[in-house]
Amino acid sequence: MRKTAVALVVSLIVRLGWQNANAASIEGKWVVDRVTRKGKTERLPLQVQLVMDFQKRGKVVTTFSRPGKKAVRKGTWKLEGTVLTTAFKDKTEKASVRMTKEEMTLTETRSGPKGPSVMYLKRIR
């Protein structure tokens, strides 16, 4: 019975395509597609874009753009197991990571009274 249950779980993971995150799989550019806050999931407006560029050697560059404004932040990132830590000059954040080759979900490890914030990203490079 136990072997059957384990085989079923492994089979589901393989079918869904989820993989363990590792440094090589996270490296690249990702665009935020939608965000869940306070239990409500919304797509980013078409004119708004948030890109996260996870570079080699633990560097990260985030670019937020909307009509008439562009903000770039540089920092570092580190992956320990399934926990991704990003550190910028003014803030350090931790999130658990789930991903496929083309999609990544970041769920903040510290959640507020209305649940954790979740970012859904798609690989663009």
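This is a predicted model: local features need pLDDT of at least 70, side-chain atom pairs count only at pLDDT 80 or more; totals for chains, interfaces and linings use all residues.

User: OK, Thr86 first. Where is Thr86 found?

Analyst: Thr86 is in strand β6, residues 83–87. Strands here are DSSP runs of E with at least two residues, numbered from the N terminus.

User: Is Thr86 buried or exposed?

Analyst: Buried, because its relative accessibility is 7%. Buried means under 20% relative accessible area, exposed over 50%, and partly exposed in between, using a 1.4 Å probe and protein chains only.

User: And what does Thr86 touch?

Analyst: Not counting residues up to four places away in sequence, Thr86 touches Phe54, Thr76, Trp77, Lys91, Thr92 and Glu93. Contact means heavy atoms within 4.5 Å. Trp77 is also linked to Thr86 as its bridge partner in β6.

User: How many bridges join β5 to β6?

Analyst: Five, and the two strands run antiparallel. Strands pair if DSSP finds at least two bridges between them. β5 and β6 form a hairpin with two residues between them, and Gly81 in the turn has a positive phi of about 65 degrees.

User: What about β6 and β7?

Analyst: Five bridges join that antiparallel pair as well, and the hairpin between β6 and β7 goes through four residues. Thr85 stands opposite Lys94 in β7.

User: Switching topic: which residues touch the most other members of the largest nonpolar core?

Analyst: Ile26, Phe54, Leu84, Val97, Met104, Leu106 and Leu121, out of 19 residues in that core. β1, β3, β5 (69–80), β7 (92–99) and β8 (103–108) each give two or more residues to this core. A nonpolar core is a set of buried Ala, Val, Leu, Ile, Met, Phe, Trp, Tyr and Cys residues joined through side-chain atoms within 4.5 Å.

User: What is Leu106 in contact with?

Analyst: Leaving aside neighbours within four places in sequence, the contacts of Leu106 include Met52, Leu84, Val97 and Leu121.

User: Last one: which loop is Lys38 in?

Analyst: Lys38 is in the loop between β1 (28–37) and β2 (40–43). Its phi is near 55 degrees, a positive value in a residue other than glycine. Lys38 counts as exposed because its relative accessibility is 67%.

Conventions: Residues are numbered from 1 along each chain as its sequence is written. Side-chain values use heavy atoms; hydrogens and water are left out.
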